[in-house]
Amino acid sequence: MKRGFICWLLFAVVLGAEAQDFLLERGKEVRVYVEETSEPVSSTALEMLRGDVKTVLDAQMVVVKNPKRSEIVATLDRTLPREGFRVDVDKGRLWVTGADAHGLAYGLLEVSRLLGVSPWEWWADCVPCSQERFVLKEGYTMAQSPAVAYRGIFINDEDWGILPWSGGVIGPETNERIFQLLLRLRANYYWPSMHEVSRPFFTIEGNREMAHRYGIYVGGSHCEPMGTSPATEWKMRGVGDYNYVTNREHVLNFWRERVDEVKGQDMVYTIGMRGVHDGAMQGVKTKEEKLKYLQQVIDDQRELLATAMETDAANIPQVFVPYKEVLDIYHSGLNVPDDVTLMWTDDNYGYIRHFPDEQERSRQGGNGLYYHVSYWGRPHDYLWLGTFSPFLMRQQLAEAYERGIRQMWVLNVGDIKPAEYQMEAFLSMAWGETLFRDEEEASAAELEQMAMHHFYAREFGEALADTLTSIMVDHYRLAFDCKPEHMGGTRVEEADKQYWSTFRPILGWSQADVLHRTKAYQRLSNAVEALERRVPAHRQQAYFQLVKYPVQATAQMNFKFLCPEKSCEAYDSIVSLTHIYNSNPRWRGIMDMAPRKLPVFGKVAVPLSYPEAQPAIDLYDADTWQLVRLGEERAFVFETSEDSVCFDIRLLPTHPVGGSRLSFSVSVDGCAQQQFDYQTYDRSEEWKQNVLRNYAQRHARFALGTGMQHTLTFKALTEGVYLRSIRRLQ
């Protein structure tokens, strides 16, 4: 009897402990209490969570007014960091605590993530799994807050994807889907599409209201000041030329009308001025004129904002983007007010052109970053397959963060698809989720591989994650050497039209390189095909969009140029894959296999020929690259009986960090040091070559002393030196 009582007591204790866990059961009503806020974003997130609970558990979520009667309690705590949140389980109830309306929204959608709902549940057909019950243990806790204040995307070069897919107008229905994705990815900032084929964001009824509902700050790119989109809008309501020098009053009125219209909207105003599209400011020629009139533009815009908002201009969020030629104007002495965010840019191919110095880091407005994983322009576009290296992006973003770029990050995502992984990786790093791992002594490449594994495990299950990660690592590594859009060796926007349509072998490749590359792509394509049979039925569409299409289309693009016997078949395969993509009723028209109809996307009539490999021995050849810190030396031992030797040295084509030079030295056996600079300027010929082959290159020749064994010493003379390979030519 006594033993039975003890067993019963232990059983009751266990039941009591389990009863303290947070539990949701299939079909059972879920009561939630949410503290009211002045902004609608938390209510919007609650509705999204309501839909997710219905999808996963077939359960109704009911909002109650008494927190004591609810299973989920969502409240505010202003002591938390801006937009931060906590999730805790206490006595069987789930507490979601937000610093503000945004924090509350992110916290509620964290519950969706815990339920197994992917941020890509709509945008990549990542259908959630049904569950019978959902449990979080008593004592469960997490806290998150953003690393970067404004985190967002730029929809750009929309002509061939998201615009035709949306029916010719990117209106509130399309934007709502975009904003839902941004909210799930904990983003809060948006630059709308701006090409001449698109209607401007603020001219379409419902867009403003949709942004407000989802808590999205609206801004504009480097050539879209004051909430306007001159590329299209100037023709609609501008008077005369978009020329501040000769038509100042009409230009100011063009900006003033928009500012008056959107007062009360959550905005970050881009200040400054460029041409009506992606061109230089009109009416100025000399360096002095450019500086004088751009300074006047900024001063006038600040006064305009202050008058419209009836407050000091310093209280209004603003950003200045020194992009392309504007960077030179900035360096010539432009005075950008201290409260304005300085947004630095990459060179359109992933290499950041400028990192803030000590004075720039101390600015009240802080520093921002405009970064590309999709681009239209010289030397060649990459708008199609989303193969931008997440490893390069992680390295550059980590460098940016460490050097004080923490106020604003914007990613040019093209049409979103097929850059889903890069978009999430960028916004996750902006949030801080995967930017640093203090507990891990890991390189940027290792951290990225861990993040990639997490992504594919979440979308396709742990059983497939290792294989998928291996496939995608190789996919991005091969595309890092040459993007599929660059395989023809063509260029765009060159005065000599032969560059547009004449196919050329890729610089520096040999027959051996071609054979190695085609074999690697065949292995990847085969692996993707074999793995497809193991993907759950409800994630087949997601697998096609996130894995099969980008990997196999990239492989076929390589076969088209590198395998004469497969060229026509490869082209047909790309057509077939693209047809399958657009056959999905949700995505009809989203995927164009030939953006801008450039020659590189057509059939190849004459096969490209490559030379035999020049005999060489690798002294160093990393899968990615290695940072060589300022003053650090790397020694490489080699043997030869020759009396002289030549080295082929390849480096990541970065830009100077904290100065105007990129330099290294090499020496053999401790003497005869040779020094090399390899920084490039604007769009020089060398820069174009570096972009297309993705490395900077220098050659060093040395006379050798006696003996068979020798040592080459490589030394970084400036910051920002990344070594890719050293080969001894024979």
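**Exercise 1. Lysine 324 and lysine 597**

Decide for lysine 324 in this predicted model: is the residue buried or exposed? Then treat lysine 597 likewise: buried or exposed?

*Solution.* 
1. Take the relative accessible area of lysine 324, which is 15%.
2. The cut-off for buried is under 20%.
3. Lysine 324 is therefore buried.
4. Locate the residue: lysine 324 lies in the loop between β13 and α10 (325-331).
5. Now check its backbone. Phi of lysine 324 is near 50°, a positive value, and the residue is not a glycine.
6. Turn to lysine 597, in the loop between α19 (567-583) and β17.
7. Its relative accessible area is 58%. Exposed means over 50%, so lysine 597 is exposed.
8. Lysine 597 also has a positive phi, of about 55°.
9. For background, most residues other than glycine have a negative phi.

**Exercise 2. Cis peptide bonds**

Which residues does the cis peptide bond with omega near -5° join? Which residues does the one with omega of about 5° join?

*Solution.* 
1. With omega near -5°, the cis bond runs from arginine 378 to proline 379.
2. Proline 379 sits in the loop between β15 (367-372) and α12 (390-402).
3. With omega about 5°, the cis bond links lysine 417 to proline 418.
4. Proline 418 belongs to the loop between β16 and α13 (420-431).
5. Most peptide bonds are trans.

**Exercise 3. The eight-stranded sheet**

Give the strand order of the open sheet with eight strands, and state whether the pairing is parallel or antiparallel.

*Solution.* 
1. Read across the sheet: β11-β10-β9-β16-β15-β14-β13-β12.
2. The pairing is parallel.
3. Check the pairs around β9. Six bridges connect β9 with β16 (residues 408-414). Isoleucine 155 has glycine 414 of β16 as its bridge partner.
4. On β10, three bridges pair the strand with β9.
5. Move to β13 (residues 318-320) and β14 (residues 341-345). Two bridges join them. Phenylalanine 320 stands opposite leucine 342.

**Exercise 4. Strand β9 and arginine 151**

How many of the residues of β9 are buried? Which side chains does the side chain of arginine 151 meet in a polar contact?

*Solution.* 
1. Six of the six residues of β9 are buried.
2. Sort them by direction. Tyr150, Gly152 and Phe154 point one way, while Arg151, Ile153 and Ile155 point the other way.
3. Focus on arginine 151, a residue of strand β9. Its relative accessibility is 0%, so arginine 151 counts as buried.
4. List its polar contacts. The arginine 151 side chain reaches that of glutamate 83 at 2.7 Å and that of tyrosine 106 at 3.2 Å.
5. Widen to contacts beyond four places in sequence. Partners of arginine 151 include Pro146, Arg186, Tyr189, Trp409 and Trp431.

**Exercise 5. Helices α8 and α9**

At what angle do α8 and α9 pack, and how far apart are their axes?

*Solution.* 
1. The angle between α8 (residues 248-261) and α9 (residues 287-309) is about 35°. Their axes are 10 Å apart.
2. The crossing is right-handed.
3. Collect the contact residues. From α8 come Arg248, Leu252, Trp255, Arg256, Val259 and Asp260. From α9 come Val297, Asp300, Gln301, Leu304, Leu305, Ala308 and Met309.
4. Classify them: eight are nonpolar, one is polar and four are charged.

Methods: Residues numbered from 1 in each chain as written. Predicted model: local features only at pLDDT ≥ 70, side-chain atom pairs only at ≥ 80, totals over all residues. Heavy atoms only, no water. Pairing = 2+ DSSP bridges. Helix = DSSP H or I, 4+ residues; strand = E, 2+ residues; numbered from the N terminus. Buried < 20%, exposed > 50% of the residue type's maximum accessible area, 1.4 Å probe, protein only. Axes fitted to C-alpha atoms, helices over the stretch in contact; angles between N-to-C directions. Left-handed = near helix turned anticlockwise from the far one by under 90°. Contact = heavy atoms within 4.5 Å. Nonpolar A, V, L, I, M, F, W, Y, C, P; charged D, E, K, R; others polar. Polar contact = N/O pair within 3.5 Å; in protein donor to acceptor, adjacent residues only side chain to side chain.
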